[in-house]
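Here is a briefing on a single chain.

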Amino acid sequence: MATTVMVVDDSSVQRRHAVNLCRELELEVIATADDGLNALLQLKAPTLKPDLILLDLEMPGVNGIGLLKELGRSRQQAGILVVSSRETVLLSSVVSLGRSDGLHIVGSVQKPLTADLLRTALTGFTARSNTDLSPVLPADLIAAMNAGQIGFAYQPRIDLHRRTLQGVRLVPTWDEAVFPGKNREVLIEQLYALPQFTLLVQSFMAQALNDLASWQRHGLRLVMNIPLPFSTFAAYTMAPTFLSDLDALQLPPSSVVLEVACWEGRDDAASILNTLLQLRIKEVGIAFVDRGQGFTWLEEQGQLPLSEFHLSAGLIERAQHQELSQLLIKYSIQLVHDLSLKAYASNVTTPAQLQRLEQAACDYVSGALIGALLTADEVPNWSKQAALHG
């Protein structure tokens, strides 16, 4: 089914041009509007649900910025591509404003709009639905855990400098029928925020460490990334217990990287810092996962004994369309290296993203482009195939 589009621009010439470009790219234009108010009135009709809105900024009456605010209030789910002749910095600010209101901003393009610019801007775009975005109730997540419907798998992690399998990352999994149509990343964040999930994660980790030990006994030397809820680190017994578990399995501490996946419980900052220091001094890796904080992580978590910094998935996605985001990736990785840390991007989905990260000297990558989720038995064979294909 073709992507449906609404074009909002006060210039009739620009509207016709945009419509023709959409048709050239086999996009179906189902509505046009000459200002923000006209667009709002049309979008109130329950039958008009475009997948994508091409939005001009400078219009009489309700302009593009005003329309974005109204669309945010109405929880509009269409993707929005800002198309304007204004400068890049202003367009980046508009994009940030829209995203802060919860809108699905695809990116921005400077006029004159061309077929190539539009095609590039929409690379990787998929329409999202209310079902996909709406959160699952905590009670439903807990019921799924109690029923044994949530498990785990391994995500291959590549050393981007050597183009070899460097390790795996433990991630929660579930059958698609359990939460049909739901956004995977949103669900994972919800899970890690639940206190009830902590015990399940600990059982996953115990099995994962056994798998890692088995691979290493058979000559497959990998590093395993394990995301843990922030509260896990608050227990004063956490570090000695974890180090004892590694010793019992004859695993070197450097073969594990613990990711702080949910920054809750900051009242226990002293206890958490003590745990992290005990782990890090024994060479256990500690990773900070950026949730879109930008450089503010330096001030908030810069005192933690980190070994890795994980780039925001949203930043990587935005860099497909925004020059500013591309620069942020470049300078974030440079800063990470200046601090003697490793940079990791865990949600690489397109060749363009991979190329950009490689040019910026990112150390490790994973994601759908790199490889599908694996069971413990599939990891050794995947490693051999990856080595054969380079």
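A contact here means heavy atoms within 4.5 Å. Residues 24 or more positions apart account for 70% of the chain's contacts with a separation of 6 or more. This is a predicted model: local features need pLDDT of at least 70, side-chain atom pairs count only at pLDDT 80 or more, and totals for chains, interfaces and linings use all residues. Residues are numbered from 1 along each chain as its sequence is written, and side-chain values use heavy atoms, with hydrogens and water left out.

**Overall form**
- The radius of gyration, taken over C-alpha atoms, is 23 Å. That agrees with a compact globule of 390 residues, because such a globule would have a value near 21 Å (the rule is 2.2 Å times the number of residues to the power 0.38).
- The C-alpha trace spans about 70 × 45 × 40 Å along its principal axes.

**Surface and burial**
- Of the 390 residues, 48% count as buried (under 20% relative accessible area, 1.4 Å probe, protein chains only).

**Secondary structure and pairing**
- The chain has 16 helices and 13 strands. These are DSSP runs numbered from the N terminus: helices are H or I of at least four residues, strands E of at least two.
- Strands pair if DSSP finds at least two bridges between them.
- S11 (residues 308-310) runs parallel to S12 (residues 342-345), joined by three bridges. Phe309 has Ala343 in S12 as its bridge partner.
- S12 also runs parallel to S13 (residues 364-365), with two bridges. Here Tyr344 is partnered by Tyr364 in S13.
- A right-handed β-α-β unit is made by S12, helix H15 (residues 351-359) and S13. Right-handed means that, with the strands pointing away from the viewer, the path from the first strand over the helix to the second runs clockwise.

Terms used. Buried means under 20% relative accessible area, exposed over 50%, partly exposed in between (1.4 Å probe, protein chains only).
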